[in-house]
Amino acid sequence: MTSLLYQKIARQLAEDIQKGVYRPGERVPSVRKLSTQKGVSHATVLQAYATLEDQGLIHARPQSGYYVHQTPALTAPTPQIARVEAPYAVTRSSIITEILSQARREGAIPLGAAVPSSEYLPLRALHQQMSKVTRFHSQKAFSYTFSPGFEPLRRQVAIRMRDAGAMVDPANVVITNGCVEALQLSLRAVTRPGDLIATESPSYYGLVQLCQLLDLKVVEIPTDPDSGLSLEALQRALDKWPIKALVMTARAGNPMGATMPEARQRKLVAMMAQRQLTIIEDDIYGELMFDHGQSKALKAYDCSDTVIYCSSFSKTISPGVRTGWLVTRRYQEAIEQLQTFTTLSACSVSQMAVAAYLENGGYDRHLRHIRQEYCKNLSQFQLAVQQYFPEGTQITRPKGGFILWVSLPGGVDTLTLFNRAMAHNISIAPGVVFSNSDQFNHCLRLNCGIPWNRATEQAVMTLGVLARQLILETEQSRVESQRKIAI
């Protein structure tokens, strides 16, 4: 009887958590209080709470009680792994440009672009540092800063890289105009037009555009939403095609949010080093890992300068300051030359202000805060998608960052969903922009870097309604086509 009773109490509390009665990070009733409410023993409540802990819904805090887990267990499965495609020339740039143009519409709820809300950026502190820089160091701030960039900022970046597990010499840091320029310079240094590169599938749409601009062909390597890029598929691709480089994200990938386990990271770096091939690592979400200090970047396992590390402060300090960086020894001279004759370096004012902000010691405190906020936001979005989207919807469980990958059932075309959502002033990122193939056309990426409030929840609810309508229309169209064939 006790066994049935504690299971019933566990189910009731689990339902309350799924409905949002108790939200991620909030305290659930104490053992004494719930014991009184339900008229059961403390032992029965403890058994119920142990069950919920096993399910990943709550966790105990010593001397404090039980709290809803920040990343609650979900019933929706993760999306299936992608299939390997043959090399191709990129053709999606025009579609991506059109979608981005529409998504920037004034007043749209920004669930598409992976841009953090200004509420999560240290704008006041950054403004203070910019004011000081322009007031007290105006001559230097309003002059050119040549490649490889502002030396104090390069030192600060080298310090930050320690948290990624990489011991970096400031002399090997090149400051760039955001992470995109870091990726572009790396690709230009490593490849030539017509060369073949490998990348994750699905992959960041900015990389897809870069490959088209640089006239590079791409092999998409299947990526698991939990463990990241498939090493087995990469091995087969390397054996089959003359791949020059691999571009990938090992921590909180975009768009799937996958994080590669340490053992597989080590194996990947060794595999590429043995073949004398370069990995271009995009670690832009690395400082937003929820288990900060426990996961490392690929660069941490690089003993032979196989990895060119790329990142930026766009997701943590401000996308507008356009301050990124890359780390390499082997290609540094070539990259500095490429940068000198294109952009010279990043904006001097931005570099000096960011360096001053990092030196003041508030950055780590800021990171601790936004990691907690993004973790809570992801949990809210996951629960809402599970509640409002059609049955059979699949969602990822990122270990960092603020983006969520969603796979819809029933052959739904998320480009159509994008257009219908824009009619409701809701922007999403349809799966078509993350691959040159059609295998992710039923998927979408959601930006969880915005505050969770009534308007955000209503937007997710509306997306669920629109998705259900599309599934119904798709099924009706399929039935009608079969009927005509039968006739």
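What covers the buried residues of helix H7? The cover includes strands E5 (173–176), E11 (307–312) and E12 (324–327), together with helices H12 (332–340), H13 (348–359) and H14 (363–388). The structure is a predicted model, in which local features need pLDDT of at least 70 and side-chain atom pairs count only at pLDDT 80 or more, while totals for chains, interfaces and linings use all residues. Residues are numbered from 1 along each chain as its sequence is written, and side-chain values use heavy atoms, with hydrogens and water left out.

The chain has 16 helices and 17 strands; helices (H or I, at least four residues) and strands (E, at least two) are DSSP runs, numbered from the N terminus. The radius of gyration is 24 Å, close to the 23 Å that the globule rule gives for 487 residues, so the chain is as compact as a globular protein of that length. Here the radius is taken over C-alpha atoms, and the globule rule is 2.2 Å times the number of residues to the power 0.38. Along its principal axes, the C-alpha trace spans about 75 × 70 × 45 Å. Buried residues account for 56% of the 487 residues, where buried means under 20% relative accessible area, exposed over 50%, and partly exposed in between (1.4 Å probe, protein chains only). Among contacts between residues at least 6 apart in sequence, 76% join residues at least 24 apart; a contact means heavy atoms within 4.5 Å.

Helix H7 covers residues 151–163, and its buried residues are Pro 152, Leu 153, Arg 154, Gln 156, Val 157, Ala 158, Arg 160 and Met 161. Just after H7, Gly 165 takes a positive phi of about 90°. Strand E12, part of the cover of H7, has Gly 324 and Leu 326 pointing one way and Trp 325 and Val 327 pointing the other way, and all are buried. In general, side chains in a regular strand alternate between the two faces of the sheet. Strands E5 and E12 pair in the antiparallel sense over four bridges, and two strands count as paired if DSSP finds at least two bridges between them. In this pairing, Val 174 stands opposite Leu 326 in E12. E11 is also joined to E12 by four bridges, and these two strands run antiparallel; Ser 312 stands opposite Gly 324 in E12.

Charged side chains come next. The count comes to 13 salt bridges, a salt bridge being a side-chain nitrogen of Lys or Arg within 4 Å of a carboxyl oxygen of Asp or Glu. Arg 160, Asp 163, Glu 287 and Asp 364 are linked in a network of salt bridges.

Asp 239 and Arg 275 meet in a salt bridge (2.4 Å, N to O). Asp 239 lies in helix H10 (residues 231–240) and Arg 275 in the loop between helix H11 (262–274) and strand E10 (278–282), 36 residues apart. Asp 239 is exposed, at 56% relative accessibility, whereas Arg 275 is partly exposed, at 31%. Arg 251 and Asp 283 also form a salt bridge (2.7 Å, N to O), and both of these residues are buried.

Finally, the nonpolar interior can be described. A nonpolar core is a set of buried Ala, Val, Leu, Ile, Met, Phe, Trp, Tyr and Cys residues joined through side-chain atoms within 4.5 Å. The largest has 105 residues, and those with the most contacts inside it are Leu 111 and Leu 446. Helix H14 gives the most to this core, with nine residues. Among the residues that Leu 446 touches are Leu 111, Phe 381, Val 385 and Phe 402. A second, separate core of 25 residues includes Ala 233, Leu 268, Leu 277 and Leu 298.

How values were computed
Lists of a residue's contacts leave out its neighbours within four places in sequence.
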